[in-house]
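Let's walk through this one together, going from the overall fold to single residues. Have your viewer open as you read.

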Amino acid sequence: MNTVVHRTVRKKQTLGDRIFSGLNYAFMILLCASMVYPFLFIILSSVSTYDMSAGGFSLVPRGFTWDYYGRVLTNPDIFTGYVNTLIRTLLGTFFSVVVTLCMAYPLSKRTFPNRTGWTALVVFTMFFSGGIIPTYLLVKSLGLMDTLGSLILPELVSAFNLIIVRNYMQTVPESLEESAKMDGANDVTILFRIILPVCAPIIATITLWVAVWHWNAWYDAMVYISSPGNQVIQLIMRRIVIQGSDALTQMMDSSMSQNHISPEGLKAATIMVTTLPILCAYPFVQKYFVKGILVGSLKG
Amino acid sequence: MATIKSPTVPLLTKYWNNRFLFVLLIPGLIFFLVFKYLPIYGLLIAFKDYNFFDGILGSPWTGLSVFQEVFSTPSFWEVFRNTIVISSLQFVIGFPAPIIFALLLNEIVSKRAKRTIQTISYLPHFVSWVILGGLFLQFLSPSSGPVNALIELMGGRPVYFLADPNWFVPVLVATDVWKSIGWGSIIYLAALASIDPELYEAAEMDGAHRWQRLVSITLPALAPVITIMLILATGKLMDDNFDQIFNLYNPAVYGVGDVMSTYMYRKGLAEMQYSFATAVGLFKNLLSFTILLGANWLAKKINDHGLW
């Protein structure tokens with residue numbers, strides 16, 4: 001029935017419809033181009049021997065070289081930063097997801113005492129917070145300065161993620177748990193055998209969510225981390241690209257060969273090295289992300 | 001809630017019956033109390049002359065004198081004005097943008113084209129402002145950026161997008177919309193997908209054209225989602241985007257680009273004026289919270305959809 005109606009409608013497309021549709025496509029193409037080109041420009045810039053824009057707008061690199069990547073990847077600061085970011089992302093994501101799941105489960109149970117009160121306690125923090133100075137002083141007085149803890153603990157559980165997981169858990173039919181209880185399963189078995197498997201999609205979603213957050217995080221590292229050996233990649237990249245730090249001149253100077261070196265190329269390669277994991281993972285994680293948003297916001 | 005609870009069982013017994021669940025709750029609870037509620041308690045230093053050795057409790061009370069100091073500092077009001085200007089522009093342009101984007105995307109018939117556009121439009125959301133800061137610094141550079149190359153090609157003069165006070169705020173608004181338009185549209189696209197297609201078919205039979213269908217079917221269906229997003233957005237009116245501004249600004253544009261969060265960061269963490277910066281933060285938080293409550297109250301009055 002539906003298809004029949006659609007077909008008759010499409011036949012009757014007026015001139016106005018066609019103009020609208022044409023303009024709409026043109027707008028979408030322009031918008032997508034504006035989103036892809038900056039990244040493409042950086043990719044091109046990172047492999048082109050000469051400054052990309054010297055010859056105007058271009059879609060191919062101006063002379064080809066892997067030299068910048070060689071310099072960036074052999075830079076000790078960048079290597080340290082990469083390892084630190086990897087560690088904080090793995091550990092931070094693990095602890096964050098475990099604590100979020102543990103907390104979401106009781107809050108999803110209708111029979112849990114004072115459930116609304118505990119939930120309100122969490123939700124309130126989404127709208128009112130102590131702000132940067134009290135948080136900084138807290139981290140300092142807990143002795144977390146310059147440790148991995150300062151990068152993991154202050155944002156361990158996101159209230160938003162917690163609510164999304166809780167909402168998802170609430171959609172698990174209670175009959176499922178009750179029948180398991182009839183069969184003599186205890187709370188632990190129910191959580192591991194029934195709840196967690198059913199919640200796999202949402203767990204995947206927030207895992208990726210938190211992982212991307214950790215990979216991209218830099219502010220906490222700027223404020224809490226003082227020794228260069230503990231620094232994360234985003235901040236090292238920030239120093240090289242935005243502030244043009246010593247690391248940049250180091251990389252410029254370390255040329256044994258007589259190749260042409262442009263600072264723009266080095267910066268672009270640094271940006272690429274930092275962004276590549278996100279860009280590679282992006283097509284795969286994107287679907288989960290969207291699902292998570294929908295589950296959390298609409299079913300809530 | 002109340003209907004499930006049986007009033008005869010004492011509360012402690014109920015917790016005992018749910019002890020396994022309560023144990024699960026504890027780690028998260030400790031986190032929220034320590035890392036979210038202790039800083040709220042730490043806001044007390046806005047009313048004290050704080051020094052690290054005396055701590056929050058030990059530092060001497062000063063009443064409202066820190067606030068008096070804040071409100072009589074001219075730079076505070078400059079920053080306050082900048083925040084309002086930037087946030088309201090980002091609100092006025094950035095709030096409807098994803099809605100319009102979702103509506104336009106919804107008009108695209110080809111499923112594959114639609115999915116491709118969606119995938120591309122979410123991309124900037126995943127990239128941090130540090131990277132985007134570096135990227136835009138190169139991309140908008142007057143000497144080596146492609147945007148200025150294009151402007152020169154068309155006979156224009158190169159523009160110092162990030163160093164010209166006249167251009168800085170438009171760049172902030174544009175890059176913010178650019179980063180969030182795709183991601184922000186997800187929730188509206190979902191709401192659009194849940195509209196019964198028969199409504200449209202019936203309207204088409206009756207000869208309703210595109211605009212009429214939009215006004216009488218689509219927008220009413222989106223109203224609840226839009227209301228909730230609107231309330232949340234008003235709560236963020238005083239929240240400037242620290243990540244964005246901190247990575248794009250420079251002393252040349254402090255006059256228009258320095259906002260509450262960057263100001264707090266410089267005053268508090270760079271100049272170590274803890275009480276001053278905390279007072280600025282508390283003022284900002286109270287203002288945000290009041291606006292949010294007001295918007296929620298108003299929305300409930302007007303169309304019954306509120307946050308709580």
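How many helices and how many strands are there in chain A? There are 15 helices and zero strands in chain A, where helices (H or I, at least four residues) and strands (E, at least two) are DSSP runs numbered from the N terminus. Before going on, some housekeeping: this is a predicted model, with local features needing pLDDT of at least 70 and side-chain atom pairs counting only at pLDDT 80 or more, while totals for chains, interfaces and linings use all residues. Residues are numbered from 1 along each chain as its sequence is written, and chains are lettered from A and ligands numbered from 1 in the order in which they are written.

Chain A has 300 residues, and 35% of them count as buried. Here a residue is buried if 20 or more other C-beta atoms lie within 10 Å of its own, exposed if 12 or fewer, and partly exposed in between, with C-beta atoms placed from the backbone. Look also at the contacts, meaning pairs of residues whose C-beta atoms, placed from the backbone, lie within 7 Å. Of the contacts in chain A with a separation of 6 or more, 73% are between residues 24 or more positions apart.

Chain A splits into domain 1 (14–64) and domain 2 (75–298), with bounds that come from an automatic or database domain assignment. Where the two touch, domain 1 of chain A puts in nine residues and domain 2 of chain A eight. On the domain 1 side, that's four nonpolar, four polar and one charged. For this sorting, Ala, Val, Leu, Ile, Met, Phe, Trp, Tyr, Cys and Pro count as nonpolar, Asp, Glu, Lys and Arg as charged, and the others, Gly among them, as polar.

Now for the interface between the chains. It brings 76 residues of chain A into contact with 71 residues of chain B. On the chain A side, helix H15 (residues 263–298) gives the most, with 14 residues. The chain A side as a whole divides into 50 nonpolar, 19 polar and seven charged residues.

What about the interior? The largest nonpolar core has 107 residues, and those with the most contacts inside it are A:Ala104, A:Val165, A:Ile271, B:Met264 and B:Val280. A core here is a set of buried Ala, Val, Leu, Ile, Met, Phe, Trp, Tyr and Cys residues joined through C-beta atoms within 7 Å. This core lies between domain 1 (14–64) and domain 2 (75–298) of chain A, because both give residues to it. Another core lies apart from it, with 14 residues, including B:Ile99, B:Ile117, B:Ile181 and B:Leu189. Back at B:Val280, the residues it touches are B:Val70, B:Phe76, B:Met260, B:Tyr263 and B:Met264, leaving out anything up to four places away in sequence.

Is A:Ala211 buried or exposed? A:Ala211 is buried, as 21 other C-beta atoms lie within 10 Å. You'll find A:Ala211 in helix H11 (residues 200–216) of chain A, touching A:Thr89 and A:Thr93 if you ignore residues up to four places away in sequence. A:Ala204 is also in helix H11 of chain A, but counts as partly exposed, with 17 other C-beta atoms within 10 Å.

Finally, two loop residues with backbone angles to check. A:Asn114 has a positive phi of about 55° although it is not a glycine, and sits in the loop between helix H4 (76–108) and helix H5 (115–127) of chain A. A:Asp146, not a glycine either, has a positive phi of about 65°, in the loop between helix H6 (132–141) and helix H7 (149–152) of chain A.
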